[in-house]
Amino acid sequence: MRIDILTLFPEMFESPLNSSIIKRAKDKGLVEIVITNIRDFAENSYKKVDDKPYGGGAGMVMMAQPVFDCLEYVENLTKEKGRAVLLTPQGEKFGQRKAAEISKEKRLVLIAGRYEGFDERIRTGLGAEQISIGDYVLSGGELAAMVIVDAVVRLQPGVLGDEDSAKDDSFSDGLLEYPQYTRPESFRNMNVPDVLLSGNHGEIAKWRQEKSLERTKKNRPDLLD
Ligand code: ADE
């Protein structure tokens with residue numbers, strides 16, 4: 001999979017995309033991530049990418065032209081244009097189902113907006129779908145883009161060591177994940193449940209299913225509706 005990220009702050013991506021699972025996926029050649037600076041497409045000599053809002057009001061608005069030119073440039077870098085996604089709090093809510101769907105794409109183009117907002121023509125004219133990672137406002141789409149990259153990259157075949165380890169994740173079957181334990185058996189008087197030490201795979205599977213359900217009922221009853 002190839003992922004392109006369009007941003008005004010390329011430096012924000014340096015550490016997250018060069019650590020842990022994403023770094024390993026890149027090193028193995030399972031994913032290619034390319035960052036492009038929207039500011040490089042500003043036409044004016046000041047490299048200005050924002051301006052005052054028409055009609056007045058506080059804050060600056062991201063201009064349409066650098067974003068359109070940047071996306072057109074990036075889309076033409078390869079034969080396949082890819083799926084373009086604009087990160088915005090007004091978009092469709094991101095979740096595990098969307099992550100699984102996007103993970104099947106050969107190419108993904110993420111556009112991170114900044115400032116108080118962007119020119120509405122970026123939303124209406126760019127032909128990109130809009131995604132929000134939650135009901136809160138971030139200072140820009142960069143962190144949202146990183147969230148999507150992480151959730152999507154770990155679903156690429158071969159990225160996680162054990163092929164099963166994404167299958168049991170929370171949300172993958174609509175429920176939260178069951179409790180996990182590792183050594184020692186007893187820690188500060190807290191003990192590993194006997195069933196996990198029993199070696200009875202049927203009982204263990206049943207216990208895990210029950211705990212998933214119990215935890216989901218308690219913490220996220222909305223998932224059961
Ligand atoms: N940009 C600012 N807030 C955002 C959010 N919640 N999701 C996606 N992009 C954003």
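Helices (H or I, at least four residues) and strands (E, at least two) are DSSP runs, numbered from the N terminus. The model is predicted, so local features need pLDDT of at least 70 and side-chain atom pairs count only at pLDDT 80 or more, while totals for chains, interfaces and linings use all residues. Residues are numbered from 1 along each chain as its sequence is written, and side-chain values use heavy atoms, with hydrogens and water left out.

**Stop 1: Tyr181 and its loop**

Select Tyr181, in the loop between helix 5 (142–153) and strand 9 (186–187). Tyr181 is partly exposed, at 43% relative accessible area; the classes are buried under 20%, exposed over 50% and partly exposed in between (1.4 Å probe, protein chains only). Leaving aside neighbours within four places in sequence, Tyr181 is in contact (heavy atoms within 4.5 Å) with Asn191, Val192, Pro193, Leu196 and Trp207. For scale, draw a C-alpha to C-alpha distance to Phe118: 63 residues away in sequence, 46 Å away in space.

Now go to Pro184, which lies in the loop between helix 5 and strand 9. The peptide bond from Arg183 to Pro184 is cis, with omega near 5°.

**Stop 2: Helix 7**

Select residues 201–219, which form helix 7. At 1.5 Å a residue, its 19 residues should span 27 Å, and the end C-alpha atoms are 27 Å apart, which agrees. The expected span is 1.5 Å times one less than the number of residues.

Colour the buried residues next: Ile204, Trp207, Ser212 and Thr216. They cover an arc of only 165° around the axis, so they are on the same side of helix 7. The arc is that of the directions from the helix axis to the C-beta atoms. An α-helix has 3.6 residues a turn, so residues three or four places apart point the same way.

Helix 6 (194–197) is included in what covers the buried residues of helix 7. Turn to the face away from the buried side to find the exposed residues Lys217 and Lys218. At the start of helix 7, show Asn200: one of its side-chain oxygens comes within 3.2 Å of the backbone nitrogen of Gly202. A polar contact is a pair of N or O atoms within 3.5 Å; within protein, one must be able to donate a hydrogen and the other to accept it, and residues adjacent in sequence count only if both atoms are side-chain atoms.

**Stop 3: The largest pocket**

Select Gly95, Gln96, Arg97, Phe171 and Leu223, which lie nearest the centre of the largest pocket among its 13 lining residues. On a 1 Å grid over the protein atoms alone, a pocket is an open set of points where a 1.4 Å probe fits, with protein on both sides within 12 Å along at least five of seven lines; lining residues have an atom within 4 Å of a point.

The space in this pocket is about 470 Å³, taken as that filled by probe spheres set on the points, with grid points joined across faces, edges and corners. Strand 5 (83–93) and helix 3 (96–102) each supply at least two lining residues. Helix 3 gives the most, with five residues.

**Stop 4**

Show Ser20, in helix 1 (residues 20–27). Its phi is near 55°, positive in a residue other than glycine, and Ser20 is exposed at 59% relative accessibility.

Then select Arg188, in the loop between strand 9 and strand 10 (190–191). Arg188 is not a glycine either, yet has a positive phi of about 45°; at 71% relative accessibility, Arg188 counts as exposed.
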